[in-house]
Amino acid sequence: MSTLVIAEHDNGSLKGATLNAVTAAQAMGADVDILVAGANCGGAAEAAAAVAGVGKVLVADNAAYEHQLAENVSLLIAEVGAAYDNIVAPATANCKNAMPRVAALLDVAQISEITSVESADTFKRPIYAGNVIATVQSADAKKVITVRTTAFDAAAAEGGSASIEAVDAAHDAGISSFVGEEVAVSDRPELTSADIVISGGRGMQNGENFKMLEGIADKLGAAIGASRAAVDAGFVPNDMQVGQTGKIVAPDLYIAVGISGAIQHLAGMKDSKVIVAINKDEDAPIFQVADYGLVADLFDALPELESKI
Amino acid sequence: MKVLVAVKRVVDYNVKVRAKADGSDVDLNNVKMAINPFCEIAVEEAVRLKEAGTATEVIAVSIGDKACQEQIRTALALGADRGIQVETESNVEPLVVAKLLKGVVDKEQPQLVILGKQSIDGDNNQTGQMLGALANMPQGTFASEVVVDGDKLNVTREVDGGLQTVSLNLPAVVTTDLRLNEPRYASLPNIMKAKKKQLDVYSPADLGVEVTSHLTQVSVEPPAERQAGIKVEDVDQLVDKLKNEAKVIS
């Protein structure tokens, strides 16, 4: 059996999500290669070659892949993936965009966001916002799979010595182009890989008040997240949303501030190791999943917390 | 231009779905059904394009058994002009749904197909992308803004780091994210009018598609339950617990 893992990267470096996908691929009992598709992506390829347990790294370095346009990348993955039994990718925005196109090109099903590998053809995945876990068996000879990264440990980023091979295939579908992006720049850790996350909800009342979370986040080395309510209200940008349709996080410590705990939010954070809830409504559903609940006005509790940690 | 919008009948988002005790499937007895929230956003976007004079006709399509006509009527009440039902069993895999939609696309030749980014039952997030590949159309997934610009479509997308804008040749596929728009409520007169709008029914064979199954649901189970912990008295106790009991901060 052989598995091709699709790398998530920014050309210069490899994103941590790739390491979780490698672990899932190894659980399928397969030899694991990595495909890095990008432009001037030598840095990402070298990082991929250092990942423990990887056989070889295939690098498709072409301007058509610079911005991970799904129309182009899917053609490449379908071609390179033809030689593999499984094509596995982390469930990042890029891979969620491209992988179903790959599956359709290969005329196979995609199994989205698996959380465990039961056997070579059987997987578990959450449905209904995580209220139900389904076990699904695939009848396809070739499997296209995305991986919920929080459900798998990261493979060791060092210790491997994979060979690096260039892939010539240049696929430019010519039907889409990149215009621009607005990417949040932050010195804080990435939301999906941070050890500690502190999130604010509607109770924060406005975007200005999110500054109250920043001091605590800086002291703890935490990332800052938000509930859908806070994003919808325009307090903070969409990339901070934690939940069923936002980012799925599972840090060692998750601090929910002024978040009531809607099902959709819980779906994005309930696998955190330790959950703290700060809310003035003692009946808020968030307290049903919190290890430590503090019933308090966040405008009193946050400054005090910042001073005492 | 003609806009095709796909809608799915799903469990209402307020219902907390549970696995049956025997683990055979989810328990959907007597639960309220509704249009998938992301599909509702898709309908709203299509109707707004028509109101802006960009779209000439909005066609709502759903794949499923007869009950899904209810969701097509909902789309018609929100402003879609006519409906298409492709009659299948209720549980059809995304790849087959995409093939059936491709069949409808071939018949209707829309310039734009708008779908929800995922349905809140299967949480697959696949159908729009698969349709794009099958019909060789570009895609703007997870859209928060859609602007028609001559023969191109500019789509702003919600991605991991923030927002990304892509330019797509038409015809194109768009899948909606939460902040694309806020859907309207259907008015009573529009609900009445929707009952009289045209609704055609096709079989998969009419569209030249064979309904296949690639995946088997072996079982379902509830997720690992999280036990509620304790309430702490004050910030001092919280900090103490985090340092000395949970040992997650130092």
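Predicted model: local features only at pLDDT ≥ 70, side-chain atom pairs only at ≥ 80, totals over all residues.

Author: Residues are numbered from 1 along each chain as its sequence is written, chains are lettered from A and ligands numbered from 1 in the order in which they are written, and side-chain values use heavy atoms, with hydrogens and water left out.

Reader: What pLDDT does chain B average?

Author: Chain B averages 96, on a scale of the predictor's confidence in each residue from 0 to 100. At least 70 is reached by 100% of the residues. For the model, ipTM is 0.95 and pTM 0.94.

Reader: Why are α3(B) and α4(B) called oblique to each other?

Author: Helix α3 (residues 94-108) of chain B packs against helix α4 (residues 127-134) of chain B at about 50°. Angles under 35 degrees count as roughly parallel, over 145 as roughly antiparallel, 65 to 115 as roughly perpendicular and the rest as oblique. The pair is therefore oblique.

Reader: Which residues make the contact?

Author: With contact meaning heavy atoms within 4.5 Å, they include Leu95(B) and Leu101(B) of α3(B), and Met130(B) and Leu131(B) of α4(B).

Reader: How many residues of chain B are in contact with chain A?

Author: 78 residues of chain B are in contact with 84 residues of chain A.

Terms used
Axes fitted to C-alpha atoms, helices over the stretch in contact; angles between N-to-C directions. Helix = DSSP H or I, 4+ residues; strand = E, 2+ residues; numbered from the N terminus.
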